[in-house]
Amino acid sequence: MVARPVPFATDPIGPGEPTPITITVNGSSVTGVLGQTLAGVMIAADVLAWRTTRRRGRPRGAFCGIGVCFDCVVDVNGQRDVRACQRRAASGDVVETPTSAASGDQ
Amino acid sequence: MVVLDRGAAVSATSSAGEGNLLVSDKAPGPELALATYSLELWRNLPAALAEELDGFTSIEFDPKGGLVVATNADESAGLARLADAQRAAGVRAQSVSVAEALEIEPHLTPSMTSAIYYPDDAQVQPAIAAEALLASARAAGARVLVDTTITGPLRDAAGRLEGVTTNHGTVEADHVVVAAGPWSGEVATQLGGTLDVRPRKGWLLVTTPMAHRITHKVYDASYVGAVQSDSGARQVATVIESTASGTVLIGSSREDVGFDSSVDVAAWGAIAARAVRLMPTLRDTSIMRAYCGFRPFSRDHLPVIGPDRDVAGLWYATGHEGAGIGLAPATAQLVTALLLGEPAAIAVEPFSSFRSTLAKVA
Amino acid sequence: MTPDVLVIGAGPAGLAAALAARRVGAVVVLLDASDYVGGQYWRHLPVTRPARNQSVLHHGWSNFSAMRDELESDPRCEIVTGAHVVAIDGSGVHVLVGESDGTGRERRVIRAGAVVLATGAFDRVLPVPGWDLPGVFTAGGAQALAKGERVVVGERVVVAGAGPFLLPVAASLYQAGCRVLGVYEASRTSRLLRHWLARPWELLGTPDKVGELAHYASGQLRGRVPYHAGRAVTAIHGESRVTAVTVSALDSSWKPLAGTERTIEVDAVCLGHGFTPRLELAIAAGCRLTRDRFVEVDADLRTSVASYFAAGEITGIGGVDLALAEGAIAGHVAAGGAPTDVVLHRARRARNALGRFAARLASAHAIGPNWSTWLDPSTIICRCEEVTFGDLLSVSRASRATGLRSLKLLSRAGLGPCQGRVCGRTVESLLEARAPGGHLSGDATMDRRPIATPIRLGELATWFDGPDSPDESLR
């Protein structure tokens, strides 16, 4: 595992007890911590890519992490075009990345 | 042949429109004749340009057809009358049932009252098309001078125009054709001519790329009224269509505010409010961009194609309001025929710069 | 409430502006799109993740906490988080309040006596072959994940680009447990020394800044994170994610030197080549820009538009202390305080000293003119629309167009969801260099975005409150 959470027990900031949450990403369960964004949950689980690009079908995930680049957009609970790095994750969130916006013609 | 532009070519009206090639919004008369002729020319252009300009981006010509939708009884009656008159003039205008309309455009509101399908309406990417035409002109020997502003006329002793002065020196020419869109009136005045063409501002909204395409050009029937309107107050009529890249263009507004390009969210709101009425399922679509442009408006809604009344050597190809891209190839043919003294393919008199309907009201 | 002063952006500049305005007695509204204040600089964990000692991740945390606490407990300062400013027009500042990219968010139109724009900046990243692979992050993005999420982007990481900001990013990653294999600064040591140390007396007024940089360079990172000047990541490798980078030595124009390439196995790459100011709201308000495209301000941080002020990174990249000083001046004057008030003396001194320091950092780390020689024709330039360097070259060559609007539409560069925020300046400079005559015509710019953040069509529909179109009868 390469991308990962900072280990809770040894984190110098002295975090309180984290509240685990589970979201679904394209059908798979991913576990994170309450307070993380959707992108944070996925990256902490070493999921670096969660959609494919419209024209070339290339894998993409987060790039700028601060809402500028729109690389990380997902559908959340049926809501389209949500920047995963800007949306706090809630337990039970269903994240889908229809290759959709996508797969139209060139 | 020299093409002058005071900024970059294709940087104003030509790159701010939807690329409408329409017959549906035109009542029988000279503009419909011009549009019909122009559409014939457009159909051959994509292949001709692609062959001539190796490696040039596609102009995205798409003969997708237009669907005009009425949402109340008054609109339905008006639309039916218009379609009857158009059919009598040779336009293909097919009445479709609400069920059929929903089948071909599922985003439409089921509460529409009627719809007419116009198979000949088409779309083009206007900026790419204009650049392709310019590249073709260059290949034929035209010089293109950008960042070049006209400062006045060059006249011979008899007063005939024989060129222009610019911020980069003089440009001599046997003929000067003003095709400066909404700025044509100003340019004409600078050159001693008489032309009443003014700007009509319009906004368009652009969505993020969508999976589901809107496969036709879709209008609400009030669009047909708005393009014929004399009012300077803001009007909004809905035009919705997908582009080749998957975004959806949503228009459009029309108002007389001079060349004021400042943001006005009320115009966006008005466009959005009508659009969600016509296509309720677009409610949750993200709008990522808005852009505005200025249409060249002439008071009787007809373009001005032909010579100036007084100044020999001064010609006009302008005043097409929102239909400039669509009417461009036919306009070019007519101007060329007039310049060369050859017969034109259709009647040119209705577009004369000194027709009575352009005369200033006292 | 109708504020005397509206502050847009709650990073260091905005917080300082709000405080200064309050101290003059103004009623203040402070907006930020995030769900807490602090901006990118003091990005931290949300309240749902309490921690005893977050200050170890930050510089100036106690100052931040004090500012935040004072504003939060002040009934005459309304802090609105989740405030997404969509547009500015003659009728006011148009805001959606609610979730980022939500639906049905609350609309607010704010008309204020004065507006302080403190919208900040984001990382500029120059394209590199392979930079679109998962595992490549902006330097600021990697730091945001470390500070705001406690997530590290990889185990073996390199940090590359230009500018002093690479150092705190490397420190954040190191502190979070990454192996930072190297920091690669494209500017060469000779240039850094020439500009950093050219006029040492100018640094006398900026002890904190020098201390902070020295702290990184010699203290915290020394012996743990190798720092290499005059080197760049010139290619990034991998199939479905990053597996390695090529690092090359550069000449002074940032052209890679043949034969110096070295491959390093990594699982994440953090890139930053300076910053791009967030200008869309300033442009919408009509504010004039400087030649190097920041918001033009006078000594009191007034923009060219009456009652609009600007502070922080949108007036020039200068770091936190300069942002705080500018915010303090802007907020004070915007609230009607006298520009000559003694309370501003400290901020003015700081601004004078730090402004010079920032200018020197900018020249020390300026983007080299030949950076684009590390591109290959298949390198993605516009990430959204997947426009390659080769696409741009062929569009420019085939069309000979000189207008940015045409070139954008011909190539689709800058037309995607980010609206050219990531690629805009790169596309402009690459096209400019290849345009007939060596420059683009007209005044088009990628920075003009009348819609500053996306809005749902249905939300926009509720913004319609005038009479409908006349619905003329058909003819």
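Tutor: Here is a walk through the salt bridges, followed by the cores, a helix and a sheet.

Keep in mind that this is a predicted model. Over all chains, the structure holds 44 salt bridges. As a bit of background, side chains of opposite charge can pair when their charged atoms come close.

Let's start with Glu155(C) and Arg4(A), whose side chains meet in a salt bridge at 2.8 Å, N to O. Glu155(C) sits in the loop between strand 10 and strand 11 (156–162) of chain C, while Arg4(A) belongs to strand 1 (residues 4–5) of chain A, so this pair joins two chains. Glu155(C) has a relative accessible area of 26%, which makes it partly exposed. Arg4(A) has 17% relative accessibility and counts as buried, because buried means under 20%.

Next come Arg56(A) and Asp391(C), with a salt bridge of 3.9 Å, N to O, between their side chains. You'll find Arg56(A) in the loop between strand 4 (51–52) and strand 5 (59–60) of chain A, and Asp391(C) in helix 10 (residues 389–399) of chain C, so here too the pair joins two chains. Arg56(A) is partly exposed at 44% relative accessibility, and Asp391(C) is partly exposed with a relative accessible area of 30%.

Then look at Arg88(A) and Asp35(C), whose side chains form a salt bridge of 2.8 Å, N to O. This pair crosses between chains from loop to loop: Arg88(A) is in the one between strand 7 (79–83) and strand 8 (94–96) of chain A, and Asp35(C) is in the one between strand 2 (28–32) and helix 2 (61–72) of chain C. Arg88(A) counts as partly exposed at 23% relative accessibility, and Asp35(C) is partly exposed too, with a relative accessible area of 42%.

Salt bridges can also link up into a network, as they do for Arg51(A), Arg60(A), Asp71(A) and Arg383(C). Trp131(C) and Ile236(C) touch the most other members of the largest nonpolar core, which has 109 residues. The largest share of this core, eight residues, comes from helix 1 (residues 30–52) of chain B. Apart from it lies another core of 44 residues, among them Ala3(A) and Ala176(C).

Now for helix 3 (residues 139–148) of chain C: ten of its ten residues are buried. Among them are Gln143(C) and Lys147(C). The helix's buried residues pack against helix 1 (38–44) of chain A, and also against parts of chain C, including helix 4 (166–175) and strand 17 (268–273). After helix 3 of chain C comes Arg150(C), with a positive phi near 55 degrees.

Finally, chain B has an open sheet of three strands, in the order 8-9-10, with antiparallel pairing. Strand 8 (150–155) and strand 10 (169–172) of chain B each have a single partner strand, so one side of each is left without a neighbour in the sheet. From one strand to the next, the twist averages 25 degrees. Strand 9 (residues 161–166) and strand 10 of chain B are joined by four bridges, and Gly163(B) has Glu172(B) in strand 10 as its bridge partner.

Technical notes
Residues numbered from 1 in each chain as written. Chains lettered and ligands numbered in written order. Predicted model: local features only at pLDDT ≥ 70, side-chain atom pairs only at ≥ 80, totals over all residues. Heavy atoms only, no water. Core = buried A, V, L, I, M, F, W, Y, C linked by side-chain atoms within 4.5 Å. Buried < 20%, exposed > 50% of the residue type's maximum accessible area, 1.4 Å probe, protein only. Contact = heavy atoms within 4.5 Å. Pairing = 2+ DSSP bridges. Axes fitted to C-alpha atoms, helices over the stretch in contact; angles between N-to-C directions. Salt bridge = Lys/Arg side-chain N within 4 Å of Asp/Glu carboxyl O.
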